[in-house]
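Hi everyone, thanks for coming. Let me put the structure up, and then I'll walk you through a few parts of it.

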Amino acid sequence: MNKEFKVLARPYMVWLSVLVFVPILAMILISISNLNSSVSVGELMISFSHFKLLLESSTLIAFRNSLVFATLTTLLSFVLGYFIAYEIKLSKFKNKFILLTIVILPMWSNLILRTESLANIMSENNILKSILGFNLFGNISGTGVAVLFGLVFTYMPFMILSVYTALEKIDFALEEAALDLGLSPIKKFWKVVFPLSLKGVVTGSIMVFLPTLAGFAIPKILSRGRIVFIGTIIENKFVYTNYNHGALLAVVILFFILGSILLLTKFDKEGETLL
Amino acid sequence: MKKIILMAGLLSILLVLSACSSKPKLRILNWGEYINDEVVENFEKEYGIDVVISVADSNELFYSKIKSKTTAFDLVIPSDYMIEKMVQEDMLLHLDYSKLPNYSSVTYMDGVEQIFASMTETTLLATDDEIDFKTYAVPYFWGTFGIIYNNRVDGLEEALYTNGWDVYFEANNYFPTARRGMYDVPQFAFAAAMMYMDKNPNDYSLANLDLVRSVLETADFTEWGDDTLKRNVESNNLDLAFTYTGDYLDRLYIQLSEEKTLEEVREEFDLYIPDTTMVFIDAMVIPNTATNLDGAHQFINYLLKPENAALNAEVVGYAVATEEAFDIIMSYLESEDLEKKNWAVANSIYYNMEVERTYYPLTSLNPTDTDAIGTMVQNVITG
């Protein structure tokens, strides 16, 4: 690498080590010790006593909820998002940038604001009902369906963008060749286009799966506090200053995230589809 | 363009100059939007003191800001349980009542006296020290907790006034279809269930934890929320919610400012305060980092004066601590100014001191117990 570039990369490396690596190490230390605000460094002892938290029924259910909802959100985003991305690629519209802009349009407003509004129109009596005279969403506020809807609505743009990037990179000559050699358009899609776009799907899945797995704001608002994600418990632990428990759960989540990244590198060695 | 730069320059010089005026400073650490600026200005004029207010949004932040000693605050306004903790850790100075002449001409409201007594009692139980918290603190505002209910539901109001807590917790016996909401603060849920069982909400034990768990399970809450609770009852998406009285008044004043009458609002949603309920108090204390002791005492003395306390309450919406200040607010019942009149009416209904109630401020539990309650509540929510 060029020497100048090395120097320029340094500020971010410092940033990364001070604000990411050191905190992660601290988190691991806090999760396996008795360190807290009333224990000084001198009395520090390795202790695994917080690990019984992992067997608490609420923790297990929260983990299950996070995993199930993250998986469902990823699957739904893939099924619905892939075809939107494909449509954009096929579109004859000259300025595709505008189409992509429309896809990310919801992100222009604040996430919490969007989710609160969604919770509002999903509840039994809301502003839409008084205008339309009927309930657009039924009364799904507080249910799993509401949470799933909110998650897909929020994170699908990430899937669409990743898949679209991958699709755009496919050489049109390959598709021409496939048609030339006698494949029907449907078969061409399954045998040529889809396999070549898989990298984008994997990247997109990771970008949908991870924030869903670790998130807490959307499920908390849309389930009216009734569906507990692991992120919710971590947030609670930190709010009530039980750093040991919070750090332990955060470390467990970290393992899931590392696993997903390993999966990513397996599929995408050059990291080229990563946005 | 040059003129603008000149003006900007002059302005900034003025700002800098005014900032380094030679007046003595009084550094106050307060909650956000919790003081009437008019009161501060009047105080500054009268005593020639420069009041600097910093803001924090939790008691824990108050604690760490005093503990870290980065800024020497002269006056802090934490809540009950934090004052207990600060006294136990020797972070507060005794008040010099000879510098508080206004104290002798006021009477604390009954609820306030109960809070002080309860703080002494819980501290005695926890540490064997008998502390008179009045020697450290002068109350600023206080407030109760209550149940906001949806008055569009027939019979709910009557049932609440006849059966109290039972209606809120016994979903099997009363209004099985009512949508119930609870604050998602575990200790609030624990305390509410304890009061329903006629127990002291600060009396934590494993046996009580189990009892509370089954009570919370029966209640079958539709929502575990925070600020969302009051809005959902208001919009007919929830029927019963346990919240701060201030939460209700907040929505009430907003509705009143939108041209509704008090009766109209109360027909839609109203507040019921149980005979036994939780309360909080925020009180003025002087941390041992204070440098301007005279200024701090002058300020406390200034706010003890009923007129100033009432003026301060105009923008805050919690209850004043002295009967004299309350009487001033009551004098607005006949006021021509509709806003003031509504404020007085709301105070007379929701902070009525004629009604005898049992008030419990929450104490700060030790971390293990807090954690056990938190886990219990999470287990109830996840089923």
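A word on confidence to begin with: pLDDT is the predictor's confidence in each residue, from 0 to 100. What we have here is a predicted model, where local features need pLDDT of at least 70, side-chain atom pairs count only at pLDDT 80 or more, and totals for chains, interfaces and linings use all residues. Residues are numbered from 1 along each chain as its sequence is written, while chains are lettered from A and ligands numbered from 1 in the order in which they are written.

So how does chain A do? Its mean pLDDT is 87, with 94% of its residues at 70 or more. Confidence in chain A is highest in helix α6 (residues 144-169), at a mean of 94, and lowest in helix α11 (residues 243-267), at 85. Helices here are DSSP runs of H or I with at least four residues, strands are runs of E with at least two, and both are numbered from the N terminus.

Now, where do the two chains meet? Counting two residues as in contact if their C-beta atoms, placed from the backbone, lie within 7 Å, chain A brings 18 residues and chain B brings 18 residues. On the chain A side, α2 (57-90) and α10 (230-239) each give two or more residues, and α2(A) gives the most, with 4.

Let's move on to chain B. Its domain assignment, which is an automatic or database one, gives domain 1 (21-141 + 282-340) and domain 2 (144-278 + 359-382). The centres of these domains of chain B, taken over C-alpha atoms, are 28 Å apart. Between them, 12 residues of domain 1 of chain B touch 11 residues of domain 2 of chain B. On the domain 1 side, α4 (80-88) and α5 (110-127) of chain B each supply at least two residues, and α5(B) gives the most, with 6.

Last stop: helix α16 of chain B, residues 338-350. This helix has 13 residues and reaches 18 Å from its first C-alpha to its last, close to the 18 Å expected, where the expected span is 1.5 Å times one less than the number of residues. Which of its residues are buried? They include B:Trp343, B:Ala344, B:Ala346 and B:Asn347, buried meaning that 20 or more other C-beta atoms, placed from the backbone, lie within 10 Å of a residue's own. Seen down the axis of α16(B), the buried residues fall within an arc of 160°, so they line one face of the helix; the arc is that of the directions from the helix axis to the C-beta atoms. Their cover includes α11 (245-257) and α15 (323-330) of chain B.

Methods: Buried ≥ 20, exposed ≤ 12 C-beta atoms within 10 Å, placed from the backbone.
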